[in-house]
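Please look over the structure below.

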Amino acid sequence: LLDIDYFKKFNDQFGHRAGDEVLRSVANTLWSRIAGKGLVARYGGEEFGLVFTNHELDDVLPLIEEARRAIAESETRFEDKSFRVTCSLGVTRMLSGEPAQEWLQRADDALYVSKDAGRDCGHCIDSPIVGQRQAAFRLTLPEKVIPKIAESASVAKKVESVSRDAQGRQTINM
C-alpha cells in the first residue's frame, strides 16, 4: 500500500483540482515504474495498491523503493504552481491460504510504521506464519543503487542478493 503523505492538508491548501493533478502524477509515476511487472490501482482517497504476482518479495522491494523515490523527486505542475509530494509505503506478501483481509491488514500495519517513522519511507512486515506479526523492517537502498531516477530502470538487475542481518534489517549486496 502506498499513501501520499499529508494529502488532506495538500487538498485543503491548494484545492481538489490541484490534488487531482497530483493523484494523476503519482499514478503515472507508479505506472511507468511498475508496468509489465505488477498492477497499480487506486485503493481509495490518496492510497494506491501495488500488486505483484509470481514475484518474490525480495525481487520487488528495490522496484517499490525506486518508485517511492521517483515520486519524491517528481514535480507536478498545475496552473502557475509546481508541487512535490512524498509517500509512505507498507509492504508485505500474501501467504499461501491466507485470507485477503489478513494480507491487507499486514500491509496497512507496515504503512503505519512508515507514517510513525516520519513518512517519506517504506516498511515491510514479512511474516512466514499466518497470524504471527514480526517487527517491520525499513526499505532502504544504498545511494549508489539509484544515482539518478531517470537512469535506474534496471535497478533490480543491479542487485546481486538481498539478505537480512541479525536485527532483521534488509541488506542489499551489489
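## Cysteines

A residue counts as buried when its relative accessible area is under 20%. C124 is buried, because its relative accessibility is 0%. C121 is buried too, with a relative accessible area of 1%. The model is a predicted one.

How many disulfides does a search of the whole structure find? The count is zero. Take C121 as a test case. Its closest cysteine sulfur belongs to C87, and the gap is 9.5 Å. A disulfide needs the two sulfur atoms within 2.5 Å. The C121 and C87 sulfurs are therefore too far apart for a bond.

## Nonpolar core

The largest nonpolar core holds 28 residues. Which of them have the most contacts inside it? They are L2, I4, V22, V26, L30 and F48. Six elements each supply at least two residues: β1, α1, α2 (16-34), β3 (47-51), α3 (57-73) and β6 (87-91). Helix α3 gives the largest share, with seven residues. In soluble globular proteins, nonpolar side chains tend to be buried together.

Neighbours within four places are set aside here. V26 then contacts L2, I4, F48, I71 and V85.

## Salt bridges

The model contains 13 salt bridges. Side chains of opposite charge can pair when their charged atoms come close. Are E65 and R69 buried or exposed? Both are buried.

E75 takes part in two salt bridges described here. With R77, the N to O distance is 3.0 Å. With R84, the N to O distance is 3.6 Å. Shared partners also build a network elsewhere: salt bridges join E65, R68, R69 and D120 into one. R77 counts as exposed, because its relative accessibility is 60%.

## A buried glutamate in a loop

E98 sits in the loop between β6 and α4 (100-116). Is E98 buried or exposed? E98 is buried, because its relative accessible area is 6%, and the cut-off is 20%. What joins the side chain of E98 to that of R106? The link is a polar contact of 2.6 Å.

## Positive phi

Y6 has a positive phi, near 55 degrees, and is not a glycine. Where is Y6 found? Y6 is in the loop between β1 (2-4) and α1 (7-14). Y6 has a relative accessible area of 45% and so is partly exposed.

E79 is another non-glycine residue with a positive phi, about 50 degrees. E79 lies in the loop between β4 (76-78) and β5 (81-83). E79 has a relative accessible area of 60%. Exposed means over 50%, so E79 is exposed.

Terms used. Residues are numbered from 1 along each chain as its sequence is written. This is a predicted model: local features need pLDDT of at least 70, side-chain atom pairs count only at pLDDT 80 or more; totals for chains, interfaces and linings use all residues. Side-chain values use heavy atoms; hydrogens and water are left out. Helices (H or I, at least four residues) and strands (E, at least two) are DSSP runs, numbered from the N terminus. Buried means under 20% relative accessible area, exposed over 50%, partly exposed in between (1.4 Å probe, protein chains only). A nonpolar core is a set of buried Ala, Val, Leu, Ile, Met, Phe, Trp, Tyr and Cys residues joined through side-chain atoms within 4.5 Å. Contact means heavy atoms within 4.5 Å. A polar contact is a pair of N or O atoms within 3.5 Å; within protein, one must be able to donate a hydrogen and the other to accept it, and residues adjacent in sequence count only if both atoms are side-chain atoms. A salt bridge is a side-chain nitrogen of Lys or Arg within 4 Å of a carboxyl oxygen of Asp or Glu.
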